[in-house]
Amino acid sequence: MLAKNTIVLVFFFVLSYNSYSQKNSKFLNNISIQFGLNWVDNSGNQDPLTIFKDYSDIAFNLPFKLEIDYLLNNTFELFLSGISNKFLDNQKLDFLDSNKSYTYFSIDFGVKHAVIDVDVFNTSIVGFAEVGMGVFKVESLGFSANIGAGGILHLTDKIDMVISSVAKFAIEHEYPNSNHFLYFIGLKYSFKSKGDNCFCPY
């Protein structure tokens, strides 16, 4: 009797573990992380290309970004990101010369949508759009509505290169917690198994 009960318990444990492993594996297959560098433009210019025209007012100190993505399906992806940077005391903030340095951080979440996929020299490049909300700090905490776009260059089955830009519209627009642009370049690592789902527009 004891042996029979033991066999039943072991059988139940194996089934439960197998079910948990499958669910856990499916969850991990949809997870990816991004890490890299960021730039912040809070100069007050509404031109998103200011980073290429007047780099002196772009924040690039402690410029780190970490992001976790969860693939909902092939075209939609949830994200949660954290960003750090620092404005120096000789940079412009909202058209005004800053008289002190400010440490910047931002936490953002939202959804991305893959909109286009092109092949360049047998390499896939996926273009995406994103919308979301965030909280950020220059001098004090503020909230923002975000909209952005970017591109993903596939390097290997699990590693991609990502370039993106985001416009953050402050809910309470006031100096120095005002509207600003974020730019990012980095790598994306997917935990998916080889040949599994992709973030691509089909």
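## Salt bridges in this model

A salt bridge here is a side-chain nitrogen of Lys or Arg within 4 Å of a carboxyl oxygen of Asp or Glu. By that rule, a search of the whole structure turns up seven salt bridges.

Please keep in mind that this is a predicted model, in which local features need pLDDT of at least 70, side-chain atom pairs count only at pLDDT 80 or more, and totals for chains, interfaces and linings use all residues. Residues are numbered from 1 along each chain as its sequence is written, and side-chain values use heavy atoms, with hydrogens and water left out.

## Lysine 112 and glutamate 67

Let's start with lysine 112, whose side chain meets that of glutamate 67 in a salt bridge (2.6 Å, N to O). Lysine 112 belongs to strand β7 (residues 102–120) and glutamate 67 to strand β3 (residues 64–71), so the pair ties together parts 45 residues apart in sequence. Strands (E, at least two residues) are DSSP runs, numbered from the N terminus.

Lysine 112 has 3% relative accessibility and counts as buried; glutamate 67 is buried too, at 2%. Buried means under 20% relative accessible area (1.4 Å probe, protein chains only).

## Lysine 188 and its two partners

The side chain of lysine 188 forms a salt bridge with that of aspartate 69 (4.0 Å, N to O). Aspartate 69 sits in strand β3 and lysine 188 in strand β11 (residues 180–190), so this pair links parts 119 residues apart in sequence. Both aspartate 69 and lysine 188 are buried.

Glutamate 77 also meets lysine 188 in a salt bridge (3.0 Å, N to O). Glutamate 77 lies in strand β4 (residues 76–87), so its pairing with lysine 188 in strand β11 ties together parts 111 residues apart in sequence. Glutamate 77 is buried, as is lysine 188.

## One network

Through shared partners, salt bridges join Lys65, Glu67, Asp69, Glu77, Lys112 and Lys188 into one network.

How values were computed. Helix = DSSP H or I, 4+ residues; strand = E, 2+ residues; numbered from the N terminus. Buried < 20%, exposed > 50% of the residue type's maximum accessible area, 1.4 Å probe, protein only.
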